[in-house]
Amino acid sequence: MSLIPNTICLFDVDGTLTKPRNGITPEMKDFLATLRTKVELGVVGGSDIIKIKEQLGENCVNDFHYLFAENGLLAFKDGSLLATQDIKKFLGEENIKKFINFVLHYIADLDIPIKRGTFVEFRNGMINISPIGRNCSQQEREEFEKFDLEHKIRSTMVSVLKEKFASLGLQYSIGGQISFDVFPVGWDKTYCLRHLPEDQYKTIYFFGDKTFVGGNDYEIANDPRITKSFTVTSPIDTKNFLSELFYKQ
């Protein structure tokens, strides 16, 4: 079967292809494997490649035509490494040290119900910050998400950092249940689009759950190169949209 020409579907991971921080279900994996014979598929996640593999499977770089970890700063095409980028070169060690020191002091003074460990995770293309700590359990994640919705812990912290480090040219994106990402302006999920030649991809569909202002899908969902973006609430929602797009009689 020939692929639909000049077309690709791009997917967020958490809340779109999987439940937050859960693995992809066999049913969803089979559905995408069949769809892959009809149209090109790509994944764009804010997490590093290790975490994406934990959710989508060890062989996921071969399951999609494109896989973009850390918003595309680590890019794979047809299972092979395509490109890499590094935040250390962009910011410099002195600025990184000042930023992380401030973050750790801020979190130390935060009055929230529980704290665990791994509050700052340094990645190739971004710094991930979690007020509760990434070592929390799934139940603790869900409890923090509810607490954060009411008390605006993450959004308040982002506002403070934006003011304190305005000169660094950083962008902040709240995603998932417990953390937010920090990266240079323009290094959001739209970064992955530079790996998709405009003359080759005329139609790009994007599927994500955090398409609201401040969410980590917002910029790409509203990018002019995106033909249509779909705001989803679960993997089942994603599957329903895809069925409507590609299998409706």
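Select G46, N71, S173, D181, F183, D188, K189, N216 and E219: these residues line the second largest cavity. A cavity is a set of points on a 1 Å grid over the protein atoms alone where a 1.4 Å probe fits but cannot get out, and lining residues have an atom within 4 Å of a point. This cavity holds about 30 Å³ of space, a volume being the space filled by probe spheres set on the points. Its lining divides into one nonpolar, four polar and four charged residues, with Gly counted as polar.

The model is predicted: local features need pLDDT of at least 70 and side-chain atom pairs 80 or more, while totals for chains, interfaces and linings use all residues. Numbering runs from 1 along each chain as its sequence is written, and side-chain values use heavy atoms, without hydrogens and water.

Next, select D14, S47, G175, G176 and N216, which lie nearest the centre of the largest cavity. Its volume is about 270 Å³, and 26 residues line it: five nonpolar, eleven polar and ten charged.

Finally, show L56 with V13, L17, T18, I24, K29, V43, D63 and F64, which L56 touches when residues up to four places away in sequence are not counted. Contact means heavy atoms within 4.5 Å.

Technical notes:
1 Å grid on protein atoms, 1.4 Å probe; cavity = no way out; pocket = protein on both sides within 12 Å on 5 of 7 lines; lining within 4 Å.
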